[in-house]
Amino acid sequence: MAGFVLLLLHLLLVGWVTLRPLDVMWVNAANLTPFAGIKADLALGPVQAARRIGEGLLLLAPLGVLLPMVDGRLFVAGWASMARTVTAGAMISLGIELLQTGVPGRVVDVDSLLLNTAGVALAHLAVVPAGRARLRRARRTRTVPHRVPRGSYPGSRENESDTLTRDEALQGTTPTIPRVGIAP
């Protein structure tokens, strides 16, 4: 539930940042050529380029963590989770870019789509596999049954040296059923 609330809050913030009308004198043309905007940003110098490219990477990066958190599965194939998360991030970014066509002062930029999707992928790779592994380890240590030696509880066999779980020891040994012949 916390993941869903955080996801909703993040999407509201992204919507507010990206879909507000801008009061500008003029607007650049839409950028439909991949990497053209990134090349233009790099031509501005390293500091300006890092700021603009970083903004594109960081805008939707939290989705790389929040989307798997909303899903809530610990035992899932890593590549499948990555593919679902990146696809969802790309679709959200595409939706934002398409909605920006109707907002004054905003234009479509294919590089924003690429950077947003790359940010989702990088955040997912950096956090989710390690987080899931840690949660699986914590869950495994909580659910490992407590072992007690055989013979500690009444009804258990005294001469065996292996161990039983506490539940097995409390219930006694498993009854055996003698073989029954086939009826004539």
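I call a crossing left-handed if the near helix is turned anticlockwise from the far one by less than a right angle, and right-handed if clockwise. Helices are DSSP runs of H or I with at least four residues, numbered from the N terminus.

I am working with a predicted model, where local features need pLDDT of at least 70, side-chain atom pairs count only at pLDDT 80 or more, and totals for chains, interfaces and linings use all residues. Residues are numbered from 1 along each chain as its sequence is written, and side-chain values use heavy atoms, with hydrogens and water left out.

**Helix 4 with helix 5**

I looked up the crossing of helix 4 and helix 5 and found it right-handed. Helix 4 spans residues 63–71 and helix 5 spans residues 78–99. Their axes lie 9 Å apart at an angle of about 120°. (Axes are lines fitted to C-alpha atoms over the stretch in contact, and angles run from 0 to 180 degrees between N-to-C directions.) Helix 4 brings Leu63, Gly64, Leu67, Pro68 and Asp71 to the contact (heavy atoms within 4.5 Å). Helix 5 brings Ser81, Arg84, Thr85, Ala88, Gly89 and Ile92.

**Helix 1 with helix 4**

I checked helix 1 against helix 4 next. Their axes come within 8 Å and cross at roughly 145°. This crossing is left-handed. Gly3, Phe4, Leu6, Leu7, His10 and Leu11 of helix 1 touch Leu63, Leu66, Leu67, Met69 and Val70 of helix 4.

**Helix 2 with helix 3**

I then took helix 2 (residues 36–43) and helix 3, which pack at about 145° with axes 7 Å apart. Ile38, Asp41 and Leu42 of helix 2 meet Ala49, Arg52 and Ile53 of helix 3.

**Surface patch**

Which residues make the nonpolar surface patch? I list Met1, Phe4, Val5, Leu6, Leu8, Leu9, Leu12, Met69 and Val70, with about 900 Å² in total. (Patch residues have over 30% relative accessible area, by the Shrake-Rupley method with a 1.4 Å probe, and no salt bridge; nonpolar side chains are joined within 5 Å.) Helix 1 (2–18) and helix 4 each give two or more residues. The largest share, six residues, is from helix 1.

**Salt bridges**

I searched the whole structure and got four salt bridges (a side-chain nitrogen of Lys or Arg within 4 Å of a carboxyl oxygen of Asp or Glu). One joins Arg51 and Glu55 at 2.6 Å, N to O. These two are about one helical turn apart, because they sit four residues apart in helix 3 (residues 46–59).

How values were computed: Patch = residues over 30% accessible without salt bridge, like charges linked within 9 Å, V, L, I, M, F, W, Y side chains within 5 Å.
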